[in-house]
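I opened my notebook to record what I looked up in this structure. The entries follow in the order I made them.

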Amino acid sequence: MKKFTIALLSLFIPSMPIGATELTIDIGTYKYEEEVNGAFFMSDESDPLFFSVGLRDWDKPSINELKFLYTAELTYGQVEYTGSGTMTKDYYKARFESFLAHDIEGLSPFIGIGYRQLYDNSGGTVTSTGALGYDRRSQYLYVPVGVMANISDELLFKGQYNHFLSGKQTSYLSNAVSVCNDIDNTQDEGYGFDAAFIYKMSEKFTLFSYYRFWDIEDSRSANIVCAGSVAASGLEPKNTTTEIGVGVSLRF
């Protein structure tokens, strides 16, 4: 997956117009929920908010211009787990997207490549019912396809559909049971979409809001091996993720 990501990003390296960089800071809510056979299985929900900092260039291209745009963001927050009991744990998230945008009579359609990684720091924790926690790493590779449009001189809309290429879920089961192996589950099906509104307050400052959603199907299964023997087969269940937030940006 990493080699494929690097190869795709290299397509955007050729010289083309790059606008001003913005520093972004935002707060938001987060909810992740899994279901098995259509029934609730577990959820992680922000407690109370996630905090993000990032860099981006979302300046629309000029008329008939082809332009490179990007987003780079780091996020931290605590979540309340509900499933086999309850517990509070730390979440870390990184997101990078790069786009090629082209102006067509005031609208700027774009296409690019995106990578999202989330780390669930549950190792060493115990739920309210005594279940042992373990660390989890979630990785998505996807193709964002969307459009940017000015609603007014001060207000910009950006919307995108995220075509899911692949996902990898690593469960560090050895955190909970030392004789068991860590497992990787591959995800093949799913989709996402993002929507954002950006309000220009001045030449340097903007306010923005966002909505992000993912819907991912069951992963492939993988064997759980404990003490040298196959103990069970595990998969990452069908899940959804919803993020809503507001922030401010400062143009360099």
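Where is the place of Ile244? I found Ile244 in strand E14; strands (E, at least two residues) and helices (H or I, at least four) are DSSP runs numbered from the N terminus.

**Ground rules.** I noted that this is a predicted model, in which local features need pLDDT of at least 70 and side-chain atom pairs count only at pLDDT 80 or more, while totals for chains, interfaces and linings use all residues. Residues are numbered from 1 along each chain as its sequence is written, and side-chain values use heavy atoms, with hydrogens and water left out.

**Ile244, continued.** I looked up its relative accessibility, which is 44%, so Ile244 counts as partly exposed. The classes are buried under 20% relative accessible area, exposed over 50%, and partly exposed in between, with a 1.4 Å probe and protein chains only. Leaving out residues up to four places away in sequence, Ile244 touches Ile27, Gly28, Thr29, Tyr210 and Tyr211; contact means heavy atoms within 4.5 Å. I also checked Asp194, which is 50 residues from Ile244 in sequence and 9.9 Å away in space, C-alpha to C-alpha.

**The whole chain.** I counted one helix and 14 strands in the protein chain. The radius of gyration is 20 Å, close to the 18 Å of the globule rule for 252 residues, so the chain is as compact as a globular protein of that length. The radius is taken over C-alpha atoms, and the rule is 2.2 Å times the number of residues to the power 0.38. Along the principal axes, the C-alpha trace spans about 65 × 35 × 30 Å. Buried residues are 43% of the 252. Of the contacts with a separation of 6 or more, 66% are between residues 24 or more positions apart.

**Asp26.** I went to strand E1, where Asp26 is placed. Is Asp26 buried or exposed? Its relative accessibility is 4%, so Asp26 counts as buried. The side chain of Asp26 makes a polar contact of 2.9 Å with the side chain of Tyr210. A polar contact is a pair of N or O atoms within 3.5 Å; within protein, one must be able to donate a hydrogen and the other to accept it, and residues adjacent in sequence count only if both atoms are side-chain atoms. Beyond four places in sequence, the contacts of Asp26 include Phe51, Glu73 and Val246. Phe51 is 25 residues from Asp26 along the chain, with 6.0 Å between the C-alpha atoms.

**Glu236.** I found Glu236 in the loop between strand E13 (229-234) and strand E14 (238-251). Glu236 counts as buried, at 4% relative accessibility. Which side chain does the side chain of Glu236 join in a polar contact of 2.3 Å? The partner is Arg136. Tyr32, Gln169 and Asp218 are among the other residues in contact with Glu236.

Most residues other than glycine have a negative phi, and most peptide bonds are trans. I looked for exceptions. Asn37, not a glycine, has a positive phi of about 55° and is found in the loop between strand E1 (22-36) and E2. Asn37 is exposed, with a relative accessible area of 82%. Asn64 also has a positive phi, near 60°, and is in the loop between E3 and strand E4 (66-83). Asn64 counts as exposed at 61%. The peptide bond from Asp47 to Pro48 is cis, with omega near -5°. Pro48 lies in the loop between strand E2 (39-46) and strand E3 (50-57).
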